[in-house]
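I opened this entry to look up how two chains meet and what one of them shows on its surface.

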Amino acid sequence: MTLSRRGRAGAVVKGGAFRTVLLLSLAVAFITLGTLLVDVFQRGWPRLDKTLLTGVPSFDPEIAGARPAILASLELMAVVFVLAVPIGIGTAIYLEEYADKTKRYNRLLELNIQNLAAVPSIVYGILGLAFIVRGLGLGRVVLAAGLILTLLVLPTTIIATREALRAVPNSIRQGGYALGATQWQVIWRSVLPAAIPGIATGSILALSRAIGETAPLIMIGALTFVTFDPTLLGPFTALPVQIYAWIGQPQEGFRHLAAAAIVVLLVLLLAMNAFAIWLRNRYQRRY
Amino acid sequence: MSKLRLLPLAVVALSLSACGGDGDSSGSGGASGTIVADGSSTVGPFTSAAAERFQNENPDVKVTVGISGTGGGFERFCRGETDLSDASRPIKDEEKKLCEENDIQYTEFLVANDALTVVVNPDNDWTKCLTVGQLRKIWEPGSKVDNWREVDPKFPDQRLTLFGPGTDSGTFDYFTAEIVGEEGKSRSDYQASENDNVLVQGVAGDNGALGYFGFSYLEENQDKLRAVAVDGGNGCVMPSVKSAQSGEYKPLSRPLFVYAKKSSFERREVEKFIEYLIDNERAIAKSARYIPLTDAQVDEARRELRDALDEVKGEGS
């Protein structure tokens, strides 16, 4: 008796302690994010102006802007979206709906994709430099960078899409088959629509990762001084690369500029994430 | 669902990528076209400032500047991918060999001077001057010096903390070659960063700190740092524009270079750009916070350009 009562009192204390630890972990994340936001806004405030969006890089931080970098980052996003989303969804559908999971090579494939998701981004940069920039002879252009970022986020897209497909209850599929639908019809008309919220969220989070990448872009020769608008097959810089270059400059003014550019990057990220949440809520169905 | 209709688009984009092989810019004559520069992140802002001014006068010429690092820049340069290579040290033998293998001929232009500056915290009132020997004792591999008293018995009993650039930097290469005596050899238990502003913050926040980086970072942070004179055998010399130009600030004053591919001179825009860079070297150096060339150095650069042009045009006709 006494033992069980002590055990109960202990459990209450443990429960309280656990809650406190959880709250503390939450606080660490929030305080870090809050500090970053406050710091970046404070530093960047004087330079959050029109010049930042319309100007081009300059030796004078007062008149320098990030227009070529912002445009190139948007173009990169477009390339990654157009390539990574369909290829990622296609791969995921195959692996989830068609592949025979008892076969050894399919399991190997799965394992590989999961490993690829954890490969450091610089490795993709080296790969891209050898095979896309030099091998394909594409050169150091927006499209090449987009292809590399696509490779980088593909594993994430595939994994997210598979999770979403797996979350669709099997009864939906069986219902379709029972009505005489072919596998293609079941996937296209029942499974995919049901999985869209998850797929959209996963894809946009993958895109968010791509927009913040610096290392592979520097590896393939993203520039720091471009004064003209980027084209798909032309030289380019990107927002994170431009920020990196500005932060290293000796003049104080460039640090304000870099902070302002970070705010722009954060706004782009937040907009994408907000869009993901909106999509999820709009299409979410419960079973 | 409509997203799936994008699939054909992806296929188009992919096939586009396959035939985009000639995307590399190899512009033709006339004062228009694209000039591609890459290399040292120390020299990058100089080339960028030159490009910005040049483009104001020649709006049809596009100049792009990258910062792959001196080594990375030469690697591209010697494959013929760039017209200009920024370098914070002279080209190395193995890089020369690569250039030769690919039949890339080049001219070296001295474009600015720099003084690697040894700095301490402003609260440090004991270190006015350090000899190369003392610096070596501090920085050589395996060094255990962690107190100012070990550097000089006259110094107070104060912890010594070290700040310096990371191993990928040309500044690191130059400092280790001149101070330790062998390039790339340094103790490794110091705070390293590729971003010199991080080093500035580190030294500014620690009473016992010692660090080194390029001269422009001292100029921009006079209130947070104090420079130390360096004795290279002929007495203590403070880093300054004058002592770097005269070479008196020994052994830590260094030249900064732009290497130009000779075959690129056949293109009018490259010739004009280099000419512009030399003629306006002072103004460019000033706007981008570099130590300008002396008159003699500018004359020498002009001579290099003339020789290179004669050679190219002589071959051409």
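I worked from a predicted model, in which local features need pLDDT of at least 70 and side-chain atom pairs count only at pLDDT 80 or more, while totals for chains, interfaces and linings use all residues. Residues are numbered from 1 along each chain as its sequence is written, chains are lettered from A and ligands numbered from 1 in the order in which they are written, and side-chain values use heavy atoms, with hydrogens and water left out.

Interface. I found 39 residues of chain A in contact with 40 residues of chain B (contact: heavy atoms within 4.5 Å). The two chains bury about 3,600 Å² between them, 63% of it on carbon and sulfur atoms (buried area: accessible area, 1.4 Å probe, lost on putting two parts together, summed over both). F59(A), F225(A) and P250(A) supply 19% of the area that chain A buries against chain B, more than any other three residues.

Salt bridges. I counted three between chain A and chain B (side-chain nitrogen of Lys or Arg within 4 Å of a carboxyl oxygen of Asp or Glu). R134(A) forms one with E81(B), the closest N and O atoms being 3.1 Å apart.

Patch. I looked up a nonpolar surface patch of about 500 Å², made by L33(A), L36(A), L37(A), F41(A) and W45(A) (residues with over 30% relative accessible area and no salt bridge, nonpolar side chains joined within 5 Å, like charges within 9 Å; areas by Shrake-Rupley, 1.4 Å probe, only the protein chains shown counting as cover). L36(A) counts as partly exposed because its relative accessibility is 42% (buried is under 20%, exposed over 50%, partly exposed in between).

How values were computed. Buried means under 20% relative accessible area, exposed over 50%, partly exposed in between (1.4 Å probe, protein chains only).
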